[in-house]
Amino acid sequence: MLSSPMKKKKRDKSVGYTSPYSSPYSSPYHSPSGGVRRTASLRRHVRHIRHHVFPLVSAISGCLLLIIVLYSLLGRSQPPLRHHDHLSLLRFHASSAERGVREVQLNNDETPPFRVPESGGSSGPHLWSTTKSEHFFGCSNAGDKFLSNAVNIAAADVKTLPNRYLLIAASGGLNQQRTGITDAVVAAYILNATLVVPKLDHTSFWKDSSNFGEIFDEDWFISFLSNDVKIIKELPSKGGKPMSVYTMRVPRKCNVKCYLNRVVPVLNKKHAVQLTKFDYRLSNKLESDLQKLRCRTNYHALKFTDTINEMGRKLVERMKMKSKNFIALHLRFEPDMLAFSGCYFGGGEKERNELGAIRKRWKTLHAADPDKVRKRGRCPLTPEEVGLMLRGLGFGSDVHLYVASGEVYRGEETLAPLKALFPNFHTKETIASKEELKPFSSFSSRMAALDYIVCDESGVFVTNNNGNMAKILAGRRRYFGHKPTIRPSAKKLYKLFVNRYNMTWEEFASRVRTSQIGSMGEPNEIREGKGEFHENPTACICGTSNTKSKVDVPMSQIEHNDGSRISKEDDTSKDSGYDTNKDSGYATGYTTDDEQYWSEMDYVETGNKSLENGTSARLQDLKSHLPELLELFSD
């Protein structure tokens, strides 16, 4: 009997712990005898919360605080390198509250607006002229001791030795060939040889079949230089048979002694010598009289044919009808150019694949680091960056812009930001009909000649690289009155374009103007002897007594493009070598140094394409082939 109560008690205890929360009535919180148990359970729950939940909440709060701090710091940091992204087109929002101001913003909504004014802000007459340019003038007459200065004597006939004939094979595009022709005249003078009218390049990238006389006035060239060098159209026959020609090549930058030692012995033995790949084969540094002969050849003897000159003059007149002053931009943003440069412009994997495929054409080119190349100032500016630079310098949206270029990479998509900044956008294709351009459109050099004329006659010339066309035109514009020539200081501008979203427009524009000091075509901005002579022809630029700079020996007269003589009081800046007289033709000439990298990279004119459309052996191979690779970009 004693066991029954114990069993019942044990059974009750067992029941109570088997499922304490199986029903509300079995819960300790509802049990009439569960007060003590309820207090103990509450204490256990509090301890559980204190030891497990509170640390979890604290950890979450700490993470949130850290995220907030990082977000605030990143918000103040420098934005991504959007200067590369020329493919992210600008959105312009006219603000009614701010007259003359447009909000320029990339398509990324997280980027703060970068406000660019429609007006240049500092626009004025000073933008279309250079300081004290009236005190300088071109002077290329021979000095008193130069044989061609003799009176009433065919000096070239006197000094030219019989049975010495020099032929040259020019290389590259129009402007690279122009430097070769100019240097060939000087080389013939050094060698006392008769020069045969130069043979132009028909086999390189441009595939232009034009001969010398189809681009330049051949008779004028021969007659103008008759007192300097004897020039003939064809090599004479010998015994009724064509003379045999010995072919050779001289080193680049070959000086006078080099020509005398290397070529004269061959001329004495072979009598007729052809120098191949004749570009940059004459030293940049020569005595003053030889440099002046270079200038007489480049700026006066070489003039385009009447057909080219007439069409070029029409284009200039049509631009000037739109605006007395206009900017000519040598954009230089063709796919081949971009691929060769090794730069990256923000087009993502598609751009890398497209330009990478083109770059593979040159097997000797090593892999390039796009960021390093850009930091060194060796990348052309994008059309958008060119537009921002011009606006920063003070040119407003009302300025008319003539663009000389081949086929721009990705066409209209790439040009859109530049057109938005400068709506008055023109090319030879937009101001001339297809019928008018038909005689030229199949010949890249003739099309390049038209752009050359318009760029030379522009109020301001802007170049986007430092290739041959840029140098030749920069030098010519110095020679004929120091007309403004803007060469972007890409190395300095690089930092500005990276950081432009972290500054006001006023600060950006101020820094652009500061960066461009020394690259605007001002007199004496380039030291004498620095850079290519074709770009900086200091020996051929004289100054009046009012100038503090080094003044060349003043010439009482200088030769005009039509062969007449004008006194130095006649301002050469008023006559850049173009005559409104149809029969006068077009005389060329004028030049400046940036990076040697660009020395032979210039205008790729596609002719009939419109603008819209690491071993030591390997390094040696690259060095040996680089001149030929660079030839592609000469014009």
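Analyst: Start with one term: a residue is called buried when its relative accessible area is under 20%. Cys542 has a relative accessibility of 1%, so Cys542 counts as buried. Keep in mind that this is a predicted model.

Now the overall picture. The structure holds four disulfides. A disulfide is a covalent bond between the sulfur atoms of two cysteines. Count the bonded cysteines along the chain, and the pattern reads 1-8, 2-3, 4-7, 5-6.

Which residue is the partner of Cys542? Cys542 is bonded to Cys139, and their sulfur atoms are 1.8 Å apart. The angle about the S-S bond is 90 degrees, and this link of Cys139 and Cys542 is right-handed. Look at where the two ends sit. Cys139 lies in the loop between β4 (136-138) and α3 (155-159), while Cys542 is in strand β18 (residues 541-543). The pair therefore ties together parts that are 403 residues apart in sequence. Cys139 is at 0% relative accessibility, so Cys139 counts as buried.

Next, take Cys295 and Cys540. Their sulfur atoms are 1.9 Å apart, and they form a disulfide. With 95 degrees about the S-S bond, the link of Cys295 and Cys540 is right-handed. Cys295 belongs to helix α9 (residues 288-301). Cys540 lies in the loop between α21 (505-515) and β18. This pair ties together parts that are 245 residues apart in sequence, because one end is in that helix and the other in that loop. Buried or exposed? Cys295 and Cys540 are both buried.

Then there is the pair Cys254 and Cys258. Their sulfur atoms are 1.8 Å apart, and they form a disulfide. Here the angle about the S-S bond is -100 degrees, and the link of Cys254 and Cys258 is left-handed. Cys254 is buried, and Cys258 is buried too.

One more cysteine deserves a look. Cys455 has a relative accessible area of 0%, so Cys455 is buried.

Finally, a residue of another kind. Thr463 sits in strand β16 (residues 460-463). Thr463 is at 1% relative accessibility, so Thr463 counts as buried. Its side chain reaches the backbone oxygen of Asn465 at 2.7 Å. What does Thr463 touch, leaving aside its neighbours within four places in sequence? Thr463 is in contact with His330, Ala470, Ile486, Arg487 and Pro488.

Methods: Residues are numbered from 1 along each chain as its sequence is written. This is a predicted model: local features need pLDDT of at least 70, side-chain atom pairs count only at pLDDT 80 or more; totals for chains, interfaces and linings use all residues. Side-chain values use heavy atoms; hydrogens and water are left out. A disulfide is a pair of cysteine sulfur atoms within 2.5 Å. Helices (H or I, at least four residues) and strands (E, at least two) are DSSP runs, numbered from the N terminus. Buried means under 20% relative accessible area, exposed over 50%, partly exposed in between (1.4 Å probe, protein chains only). A polar contact is a pair of N or O atoms within 3.5 Å; within protein, one must be able to donate a hydrogen and the other to accept it, and residues adjacent in sequence count only if both atoms are side-chain atoms. Contact means heavy atoms within 4.5 Å.
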